Amino acid sequence: KQVNLTRALNLPKLSTGYMSESVEGESFKGIALGVTIPLWENKNTVKLAVLQQKVAEEMAADAQVQSYNRLKSYYEKVVQLEEILNGYIEVFESVNSTDLLKKALDAGEISLIDYMMELSLYYDTVDNILSIKNELQQALAGLYYYEL
């Protein structure tokens with residue numbers, strides 16, 4: 001619309017009206033007609049408007065590409081984190097032996113230091129799982145942000 005407006009402003013302008021002029025002893029009154037032809041007044045305004053339109057279109061296309069790439073990266077991160085989390089949970093469930101560790105400590109088969117080291121590894125795994133779940137939820141929140 002801006003381009004059309006700029007083109008319209010470059011068209012000749014017509015003016016009509018009633019004029020009166022008084023000079024010593026004489027008075028002129030009547031209808032006045034006028035034509036204004038803009039030759040150099042708005043020389044490059046149409047070109048400027050066309051270029052501004054192209055810039056606006058390119059910025060909109062760039063914003064769309066950036067939004068798509070952001071969504072794609074969130075999606076890829078979610079898929080990757082889900083795979084890692086499922087692997088951790090699978091290993092965690094197969095190795096979850098805190099009851100066996102307690103029985104081995106009570107029976108005297110392992111020392112207190114070994115028991116504490118194994119529990120430390122166990123809780124490190126739990127901490128890793130919770131950290132991955134947190135990252136996964138943040139990535140999902142990034143995806144849901146663009147859902148609306």
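Trainee: Which residues do ring pairs link into a cluster?

Mentor: Keep in mind that this is a predicted model. Here the cluster joined by ring pairs is made of Phe92, Tyr122 and Tyr123. The count of aromatic pairs comes to two.

Trainee: How do I read the geometry of Tyr122 and Tyr123, and what kind of aromatic pair do they form?

Mentor: Look at the angle between the ring planes: over 60 degrees counts as edge-to-face. Tyr122 and Tyr123 have 70° between the planes and sit 5.1 Å centre to centre, so the pair is edge-to-face.

Trainee: Moving on to the helices, at what angle do H2 and H4 pack?

Mentor: About 155°, with the axes 9 Å apart; H2 covers residues 45-95 and H4 covers residues 112-145. An angle over 145 degrees counts as roughly antiparallel, and H2 and H4 are therefore roughly antiparallel to each other. The crossing of H2 past H4 is left-handed.

Trainee: And what classes of residue make up the contact of H2 with H4?

Mentor: You'll find 18 nonpolar residues there, along with three polar and four charged ones.

Trainee: Which residues line the largest pocket?

Mentor: Phe92 and Tyr122 from the ring cluster are both in that lining. H2, helix H3 (98-107) and H4 each give two or more residues to the lining, and H4 has the largest share, with four residues. By class, the lining has six nonpolar residues, three polar and one charged.

Trainee: What volume does the largest pocket have?

Mentor: About 180 Å³.

Key: Residues numbered from 1 in each chain as written. Predicted model: local features only at pLDDT ≥ 70, side-chain atom pairs only at ≥ 80, totals over all residues. Heavy atoms only, no water. Axes fitted to C-alpha atoms, helices over the stretch in contact; angles between N-to-C directions. Parallel < 35°, antiparallel > 145°, perpendicular 65-115°, else oblique. Left-handed = near helix turned anticlockwise from the far one by under 90°. Nonpolar A, V, L, I, M, F, W, Y, C, P; charged D, E, K, R; others polar. 1 Å grid on protein atoms, 1.4 Å probe; cavity = no way out; pocket = protein on both sides within 12 Å on 5 of 7 lines; lining within 4 Å. Points joined across faces, edges and corners; volume = space filled by probe spheres on them. Phe/Tyr/Trp six-rings, centres within 6.5 Å; stacked < 30°, edge-to-face > 60°.
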